[in-house]
Amino acid sequence: MTTLIAILIDGAIYASWLFLVAAGMTIIYGVMRVLNMAHGSFYAIGAYSAASLVSWYFSSDQGNPYWSLLILPACAIVAGAIIGLFIEQGLLRFLHGRDEILMVIVTYALMLILEDATKLIWGVNPYFAYQPYKLLGQTGFGEHLRFANYDLMLIGIAIVIGLVAWAALNRTNKGRLLRAVIHDREIAIAMGVNVNAMFAATFVIGAILGALAGALTAPAISVSPGIGVEVIVLAFAVIVIGGLGSIGGAAAGALLVGLARSFAVHIAPEIELFVIYGVMFLVLAIRPQGLFGQTLARRI
Amino acid sequence: MSSILETRGLTRTFGAVVAAKELNVNILKGEVVGVIGSNGAGKTTFINMVTGYLPPSSGDILFDGKSVLGRKSRDITRMGMARSFQVAQLFPKLTVMENALVALVAAEGTQPSFLRRLDTPKRRDRADAIFAEFGVSRYRDALVSTVPQGVRKLVDIAMALVSRPRMLLLDEPTSGVSSEEKFALMDTVMAVVRQHGVTVLFVEHDMEIVARYVSRIMAFYSGEIIADGPPRSVLGNAKVQEFVVGHHLNVNAVLGATL
Amino acid sequence: MLFAKLSASATTPALLLMAAIFAASAWVMPAWLAFLLTLAFSKALVVLGVVIQMRAGLVSFGQALFYCVGGYGVGLASQYLGVSDAFALLALGTLAAIVLALICGWLLTRYRDIFYAMLTLALSMILYGILVKSSALGSTDGFNVSPPSFLGWVPEGDAIKRTLYLLTVGVSAIVALGFHSFMVSGLGRVTEAVRENEIRVEYLGLSPQRMLFANYVLAAGLSALGGGLTAMASGHIDPDMAFWTTSGEFVFIAILGGTGHVAAPFIGAIVFSVIRTFAIQEAPNTWQMTLGVILLALVLFLPKGLWSLVERSKKREASA
């Protein structure tokens, strides 16, 4: 019974993390048809900025430690906005509508560049910013289970972001415009929607979300080179399971993968990696477009 | 005369849209059938279903008396039913000759070899003969993406004929072709087709072209066939005049232009 | 057009000539150069695997999977099966890769575009994960591969590297000739047709899937050859051979060279190895960045790779 609770809660925590990482990537694909391989770099940049700023905050003893919790999203928003705007306006803006595979290669090149850029800015030594993590304490379940409250908070944040994203897309005018663009770009342009502005906004939001995932994760890990790269394939697996472009899909995919992995970790740790990709291959074999994705057959 | 293509209760819906409603069609060997109807009436959907590209929602399709429901397009082509496309479906970065060579190797029935060349003298000769029949020889070595629309439509149809099908479905063979060239194109195609005794069904918007070549017309409207029979009766049908050809078509003049 | 015909038929003798020149130079070139070329040519074989799939319209971001299987096949057979003959080792590594490709290809060729790209990536990362976690296989350190024998003969000292170089040149020459013929074969050309218009190929009576499957397996075999040769030449195998950045290098070289001619991957691999040697010496922390910038420049301004420059100059000569 304890194991079951452990599996469920660990699963929920991991799922929340996956959702936060994958949400930005799926939004960018859904609107712009760009599979952003550099998303992991946004994650890394968010993590590094947060970790370095939090370290500085605590080392110079600025004040109330609880402010550090606000530094995390603040870093993410600023870092994500800067890098997102720079990339979209500096490069992607000129490549709208190009072949999807070409965009994968372009974003792959971006990732290579950003990986080294991160090393140049922050160096190769790991950063630690565990204070916010420890700050929130732990919660016990029964005699043997303890969970860090920080991790549990992640669940809450993931739910909030999911709901906000859903509401923004379905309940606001701008959101409806965005859905129109997702559905049929050409018609949206013909009807006067400022698609370029929407693309820029979408990419920046996606970048911020990626950076946010990194910033929120920073206190729980050692932030070092390569963390962005690990995240990319995982994120892809999640959004492909859920259906490219669907936020609900990203949530469903994250939940599925999170629980499956948690199950593996507790019961059969050797198959942890297999489980994640296994779920992906299984879902694709049954439903190639993912759980919430749409099939597009070519018209002839 | 025996039936070559038959559909029974063929239906296809896309959500709330009924693209094809209980179509019962029987085409006999050797017929030349014209299919008319406004855009969205279900003509291309019909061709897509019958050639295995689009699965029907319900109903059956019989080719030569055997059900081909659920068969893939490549199997149906091998069984003897070929088609051309509204927008010519070719290989843009390959030359016209290479396009034909691919069609030829496919028609041979075996898996393409990874040792032997595609470009053999025998295949070349056959391709050249086909180009001569269709009058496109001068475009032989040009990239498909550079040749005029009319030539593309001809190559599209030629490739469908390479496999010596028993039935040929042409989806708007003259669309995108200038009015002066429409008759030339159809004359060419129908001459080749008659030579090989192929049953033909073609979708067309130009009534003069339809009347010139067919012995039977099927008129589509909103997913249903509202008239099916000899040209005079179909073109004179009130519903057909209401929904397809308009009330001002001079049926006699159009039909007088036939052979 | 006459010029194009001439150069097309001149390829076979040109390839043989180049192979002969490279082989003959074995005795005069410095050891470091022979080693660099051995590794470059082995890489080129893997890149050919990527090129084969690109000609089919698919980008493989996980070709390192088969490169690694080829390398580990050689290493494991040498270490645990006691096989020491270079040809037998290569055959084993390649066979293992082909068996794996037959299984994976069945699933993979149902996908296209980004799905295909990312699924190949996922497969290679699964292998990486397995190798890293497997202490029996040396985990992250991998293990060493002892120098092979050649049909009974065991070279010593300098001769080891030279023989491996000659072996690599020989294998590359055979593969290059084979690929050149494959490009104009029935399967080779129809594969291009699948890239251009899959639906039409289906309507002509062929199975596009089967064709892509054949290409996938062929590419896997070639990549394993490259991996096996690398394992023997460098004397070491480790899980990094399957890491996604390794796959990325193969894609980079494929784009750098272009897909239009069999010589392109070889030229691309040599250029890449040279750039890399300099870059790692001069600016080790910006190697990835350098790659990224060049890759961007390539896809934006020279999408057909360096070979398109050769073609352009040929066209200019022909029309002059």
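Domain bounds here come from an automatic or database domain assignment. On that basis, chain B splits into domain 1 (1–80 + 167–192 + 199–259) and domain 2 (89–164), and the centres of these two domains of chain B, taken over C-alpha atoms, sit 26 Å apart. The model is a predicted one, so to speak of local features takes a pLDDT of at least 70, side-chain atom pairs count only at pLDDT 80 or more, and totals for chains, interfaces and linings use all residues. Residues are numbered from 1 along each chain as its sequence is written, with chains lettered from A and ligands numbered from 1 in the order in which they are written.

Two residues are taken to be in contact if their C-beta atoms, placed from the backbone, lie within 7 Å.

Next comes the contact between chains B and C, which takes 28 residues from chain B and 21 residues from chain C. On the chain B side, α2 (73–79) and α3 (96–107) each supply at least two residues, and α3(B) gives the most, with 6. That side of chain B has 14 nonpolar, 6 polar and 8 charged residues.

In chain A, strands β1 (residues 138–141) and β2 (residues 145–148) pair in the antiparallel sense over 4 bridges, where pairing calls for at least two DSSP bridges between the strands. A:Gly140 has A:Arg146 of β2(A) as its bridge partner. The two strands form a hairpin with 3 residues between them, and A:Gly142 in the turn has a positive phi of about 65°.

Finally, B:Pro230 lies in the loop between β10 (224–229) and α8 (231–236) of chain B. B:Pro230 counts as partly exposed because it has 13 C-beta neighbours inside 10 Å (buried means 20 or more other C-beta atoms within 10 Å of a residue's own, exposed 12 or fewer, partly exposed in between, with C-beta atoms placed from the backbone). B:Pro230 and B:Gly34 are 196 residues apart in sequence, yet 10.0 Å apart in space, C-alpha to C-alpha.

Methods. Ala, Val, Leu, Ile, Met, Phe, Trp, Tyr, Cys and Pro count as nonpolar, Asp, Glu, Lys and Arg as charged, and the others, Gly among them, as polar.
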